[in-house]
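Here is a short walk through one protein model. Have the sequence and the structure open as you read.

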Amino acid sequence: MNHWLMKSEPDAFSIDDLKRKKREAWDGVRNYQARNFMRDGMRPGDKVFFYHSNCAVPGIVGIAEVATDAYPDPSQFDPKSKYFDPGSSRDNPRWMLVDVKFVKKLKRTISLDELKNDPALTDMPLLRKGNRLSVMPVDAAHWKYILALE
């Protein structure tokens, strides 16, 4: 089993939205590296830190689980979607997604500042300078350590 971190802006889709819906397609990823993580690395049953970004207190707010293998993101084919990609074709789709399902909301937000100031997490991809990926791996040791912070 692999572990991941997936970022979402709470105004667009929050942990509470996922809790209410129970399961959701993680659409709109338009970065090749993030796409490759979903397409090549994620498998059903993998655990995900749900991370709120671009908000007053960014941080890890919940846990989700990958529910499906990657499949083509239908928004890339919809001319009315903000994620439409005219260069992508149904025969050779450029963008993929996975469905994620709700596991739990954390008792508290484990803030980005708290993560940054923890020496045990200095090599975590989320904390690398300039890393703005919305989907990234979390190694098993960091996963276990962060869970204990809750």
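Start with helix α2. Its buried residues pack against β1 (3-8), β6 (96-97) and β8. Packing here rests on contact, meaning heavy atoms within 4.5 Å. Helices (H or I, at least four residues) and strands (E, at least two) are DSSP runs, numbered from the N terminus. Helix α2 covers residues 32-41, and its buried residues are Ala34, Arg35, Met38 and Gly41. Buried means under 20% relative accessible area, exposed over 50%, and partly exposed in between (1.4 Å probe, protein chains only). At the start of α2, a side-chain oxygen of Asn31 comes to within 2.9 Å of the backbone nitrogen of Gln33.

A word on the source. This is a predicted model, in which local features need pLDDT of at least 70 and side-chain atom pairs count only at pLDDT 80 or more, while totals for chains, interfaces and linings use all residues. Residues are numbered from 1 along each chain as its sequence is written, and side-chain values use heavy atoms, with hydrogens and water left out.

Move to β8, one of the strands that α2 packs against. Strand β8 spans residues 135-138 and holds Val138. Val138 counts as buried because its relative accessibility is 6%. Which residues does Val138 touch, not counting residues up to four places away in sequence? They are His3, Trp4, Leu5, Phe49, Met124 and Trp143. Take Trp4: 134 residues separate it from Val138 in sequence, yet the two C-alpha atoms are 4.9 Å apart.

Now find Asp99. It sits in strand β7, residues 99-111. Its relative accessibility is 10%, so Asp99 counts as buried. A polar contact of 2.5 Å links its side chain to that of Tyr71. Such a contact is a pair of N or O atoms within 3.5 Å; within protein, one must be able to donate a hydrogen and the other to accept it, and residues adjacent in sequence count only if both atoms are side-chain atoms. Leaving out residues up to four places away in sequence, Asp99 also touches others, including Arg23, Glu24 and Glu65.

Step back to the whole protein. It has four helices and eight strands. From the N terminus, the order is β-α-β-α-β-β-β-β-β-α-β-α. Buried residues make up 45% of the 150 residues. Among contacts between residues at least 6 apart in sequence, 73% join residues at least 24 apart. The C-alpha trace spans about 45 × 30 × 30 Å along its principal axes.
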